[in-house]
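Here are some notes to read alongside the model. Keep the 3D view open and find each spot as you go.

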Amino acid sequence: MEQYKQLKFEHQQALDIRSGRKSATFRFFDDKNIRVGDSLEIIDKVESDNPASWQKIGTIRVTEVLEKLVQDIYAGDWAGTETYSNLEDFLQTMRDLYKQPIELQTPLKIIRFTFEPYQKPLAFLNEGQDAGQLPDEVKLYADGGSRGNPGPSAGGFIILDMNDVVLRASSKFLGITTNNQAEYHALKGGLELCHKDHAKVVHVYMDSLLVVNQMKGIFKVSNRELWPIHDAIKKNAEQFKSVQFTHVPRELNRLADAEVNKALDAIKAEN
């Protein structure tokens, strides 16, 4: 699984990234430790004070990282970044953004990147925000992963409406399991939440061909350890008007994959 960090941009900056006018950014106090080769998900803060309007518009691949002091920035460093009337204007903008003192001797990173847009921007709600009852018909993207197989594992899922607005996002650390067990737990958790919040028709998308085909009855469940959870999910599915399973490539399941990594990284940080 590919792990995605995130960078958030004001709406105009996000538009400039999408159009290709912006291909670099300045970053102070880099808590994400951004390096060449990293992939980062880009968030468009459509309305800065309204997180429900924010959209995941695509990913960037970092191609160059320069580290220097503000006073050492030269004309070529500004290529592909925002336009400022003068250096003091830049400093004040950065102070307002970071809420920290930034002076000529402050170190920064100049990060250059290439941008790959999602086919359709995905809006999302803040974690923990009460979104109310789900629509009758929803999409469920589920993913699970194990770092070791078996090893530390997590399941994650997202629930979207039929216009691809993300309504729910969740992840859970599962302890030591296999990849397939983690995939099944993610699916089970997603369907349980869909039922709890009154969805009636669920379109399930997973990048595990094994799980999708087992749920569709194309493959037999030969692993005895998967029998109980497979049977539980089959019973859960009977509570809906319709549940359809579709296999998708991994790159179309990135948001659920990000939920998996979030849970695994949180446990790693605690240990």
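The points below go from the whole chain down to single residues.

1. Ground rules. This is a predicted model, where local features need pLDDT of at least 70, side-chain atom pairs count only at pLDDT 80 or more, and totals for chains, interfaces and linings use all residues. Residues are numbered from 1 along each chain as its sequence is written, and side-chain values use heavy atoms, with hydrogens and water left out.

2. The overall build. The protein has six helices and ten strands; both are DSSP runs numbered from the N terminus, with helices (H or I) of at least four residues and strands (E) of at least two. Taken along the principal axes, the C-alpha atoms fill a box of roughly 65 × 35 × 30 Å.

3. How many of the 271 residues count as buried? The share is 46%, where buried means under 20% relative accessible area, exposed means over 50%, and partly exposed is in between (1.4 Å probe, protein chains only). The accessible surface comes to about 14,000 Å², and 49% of that belongs to carbon and sulfur atoms. These areas come from the Shrake-Rupley method with a 1.4 Å probe, and for residues only the protein chains shown count as cover.

4. Among contacts with a separation of 6 or more, 74% are between residues 24 or more positions apart; a contact means heavy atoms within 4.5 Å. As for charges, the mean positions of the 34 positive and 39 negative ones are 5 Å apart. Lys and Arg count as positive and Asp and Glu as negative, while His and the chain ends are not counted. Each charge is placed at NZ of Lys, CZ of Arg, CG of Asp or CD of Glu.

5. Aromatic rings. The structure holds ten aromatic pairs. Rings of Phe, Tyr and Trp (its six-membered ring) pair if their centres lie within 6.5 Å; planes under 30 degrees apart are stacked, over 60 edge-to-face, and the rest tilted. One of the pairs is Phe-26 with Trp-78, edge-to-face at 5.1 Å centre to centre, with 65 degrees between the planes. Phe-26 lies in strand E2 and Trp-78 in the loop between strand E4 (55–69) and helix H2 (87–98), so this pair ties together parts 52 residues apart in sequence. Phe-26 is buried at 6% relative accessibility, whereas Trp-78 is partly exposed at 24%. Look for the cluster too: Phe-26, Phe-28, Phe-29, Trp-78, Tyr-84, Phe-90 and Tyr-98 form one.

6. Some background: most residues other than glycine have a negative phi, and most peptide bonds are trans. Which residue does a cis peptide bond join to Asn-149? The partner is Pro-150, and omega is about 0 degrees. Pro-150 sits in the loop between strand E6 (137–146) and strand E7 (151–160), and Asn-149 is found in the loop between E6 and E7 as well. Asn-149 also has a positive phi, near 50 degrees, and is partly exposed at 41% relative accessibility. Phe-29, from the aromatic cluster, likewise has a phi near 50 degrees. Phe-29 lies in the loop between strand E2 (24–27) and strand E3 (39–45), and at 37% relative accessibility counts as partly exposed.

7. A side-chain link. Find Ser-39 in strand E3. Its side chain makes a polar contact with the side chain of Arg-61, at 3.0 Å. A polar contact is a pair of N or O atoms within 3.5 Å; within protein, one must be able to donate a hydrogen and the other to accept it, and residues adjacent in sequence count only if both atoms are side-chain atoms. Ser-39 is buried, at 9% relative accessibility.

8. Phe-240 lies in the loop between helix H5 (227–237) and strand E10 (242–247) and is buried at 7%. Leaving aside neighbours within four places in sequence, Phe-240 is in contact with residues including Leu-191, Cys-194 and His-195. Cys-194 is 46 residues away along the chain, yet the two C-alpha atoms are separated by 9.2 Å. His-230, in helix H5, is buried at 10% relative accessibility. With neighbours within four places set aside, His-230 is in contact with Tyr-184, Gln-214, Met-215 and Val-221.
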